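This report describes selected features of one protein model. Please view the sequence and the structure below before reading on.

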Amino acid sequence: MSGDSGNTSLGHKAFKRSPSHFADRITADGRDGWPVTAGRYRLVASRACPWASRALVSRRLLGLEDALSLAVTDPIQDDRSWRFALDPDDRDPVLGIRFLSEAYDRRETGYPGGVSVPAIVDVPSGRLVTNDYQQLTLDLATEWSALHREGAPDLYPAEHRDEIDTVMAEVYEDVNNGVYRAGFAHEQKVYEEACTAVFRRLGLLAERLAGQRYLVGDTITEADIRLFTTLVRFDAVYHGHFKCNRWKVTENPVLWAYVRDLYQTPGFGDTVDFDHIKRHYYQVHTGINPTRIVPLGPDLAGWLTPHHREQLGGRPFGDGTPPGPVPAAEEVPVAGRP
């Protein structure tokens, strides 16, 4: 998610998501010059951002907490974008920087596309390695396998990759990015086309999930992670703030049960901070919410109610096991939980 100053231009010009400018990969063989190494890299993420939240979920499910340290940014940006205002002295204790842009600058000056999360930074040099949100989690699932916890699930199984890729492409175009195209639309027709596509796709996904617990196969995969990070934000910000208001996720029995099932699965809901989510969208996107008022709702109590999706079968972690407890330093504050 980009961190342009105040986002005051949003809604005034056509929305186009910038491609990731830094697309180096951290791989087992180190072919891009960045070998997978425990303790060398730091993941910088915002709990507000759906793209960064993919990495938070993947890291938890795969048990990479000790191998890949985590820096959580303040959900509210200033004119220098993502900042470490949640840390003592407003400075990340590992990287020693106040703004993520400093790691970008150490990699390249005058880079295009703004400062975005998720980002992985090389700790020894303080340089950004990658901000490629599309590839980053796939590499965590495959290239980082030597550092996975015992019992880690296979989030990108080889036998299902073609189907996973197809589903993820559809979800990205119409849902993940579709809510942004609707919310940041600069004219009525653009908004209506994007909003229509969002709900058309959600309807098709509900039909798919009516008879199966997960999107592909009988286990959690990368496809579920990518849909989850949009659905978990839908009623809180996309329904009102982005005007995707034909219906709420809580009003669709299948999708509401599906996203609750994932939320209650270790590794998903324990990474979600509804307080960060709401404050970021409503207070940063001043181009579409100039008052910066954050709504009180929706009521979060329903997230912990029974979903009954286990009746469809499925094995959440395949032949593996759930992740262990959340590290104490990474627990979501009470204000962000149901």
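## Aromatic pairs

The count comes to 23 aromatic pairs, where rings of Phe, Tyr and Trp (its six-membered ring) pair if their centres lie within 6.5 Å. The model is a predicted one, in which local features need pLDDT of at least 70 and side-chain atom pairs count only at pLDDT 80 or more, while totals for chains, interfaces and linings use all residues. Residues are numbered from 1 along each chain as its sequence is written, and side-chain values use heavy atoms, with hydrogens and water left out.

A pair of aromatic rings is described by the distance of the centres and the angle of the planes. Planes under 30 degrees apart count as stacked, over 60 as edge-to-face and the rest as tilted. The ring centres of Tyr41 and Trp144 are 6.2 Å apart and the planes stand at 65°, so this pair is edge-to-face. Tyr41 belongs to strand β1 (residues 41-45) and Trp144 to the loop between α3 (133-142) and α4, so the pair ties together parts that are 103 residues apart in sequence. Helices (H or I, at least four residues) and strands (E, at least two) are DSSP runs, numbered from the N terminus.

For Tyr263 and Phe274, the ring centres lie 6.1 Å apart with the planes at 35°, so the pair is tilted. Tyr263 is in helix α8 (residues 253-263) and Phe274 in helix α9 (residues 274-284), so parts 11 residues apart in sequence are tied together. Tyr263 and Phe274 are both buried. Ring pairs also link a cluster of residues, including Trp51, Tyr133, Tyr172 and Tyr281.

## The sheet

Four strands form an open sheet with mixed pairing, in the order β2-β1-β3-β4. Two strands pair if DSSP finds at least two bridges between them. The edge strands, β2 (69-72) and β4 (127-130), each pair on one side only. Between β1 and β2 the pairing is parallel, over four bridges, and Leu43 stands opposite Leu70 in β2.

## Helix α8 and its neighbours

Helix α8 is largely enclosed by the rest of the structure, because nine of its 11 residues are buried. Among them are Leu255, Trp256, Arg260 and Asp261. The buried residues of α8 pack against α6, α7 (222-238) and α9.

The axes of α7 and α8 are 10 Å apart, and the two helices pack at an angle of about 110°. Axes are lines fitted to C-alpha atoms, for helices over the stretch in contact, and angles run from 0 to 180 degrees between N-to-C directions. Helix α7 is therefore roughly perpendicular to α8; angles of 65 to 115 degrees count as such, those under 35 as roughly parallel, those over 145 as roughly antiparallel and the rest as oblique. Residues making this contact (heavy atoms within 4.5 Å) include Leu227 and Phe228 of α7 and Tyr258 and Val259 of α8. The contact of α7 with α8 has eight nonpolar, no polar and one charged residue. Here Ala, Val, Leu, Ile, Met, Phe, Trp, Tyr, Cys and Pro count as nonpolar, Asp, Glu, Lys and Arg as charged, and the others, Gly among them, as polar.

Definitions and conventions:
Buried means under 20% relative accessible area, exposed over 50%, partly exposed in between (1.4 Å probe, protein chains only).
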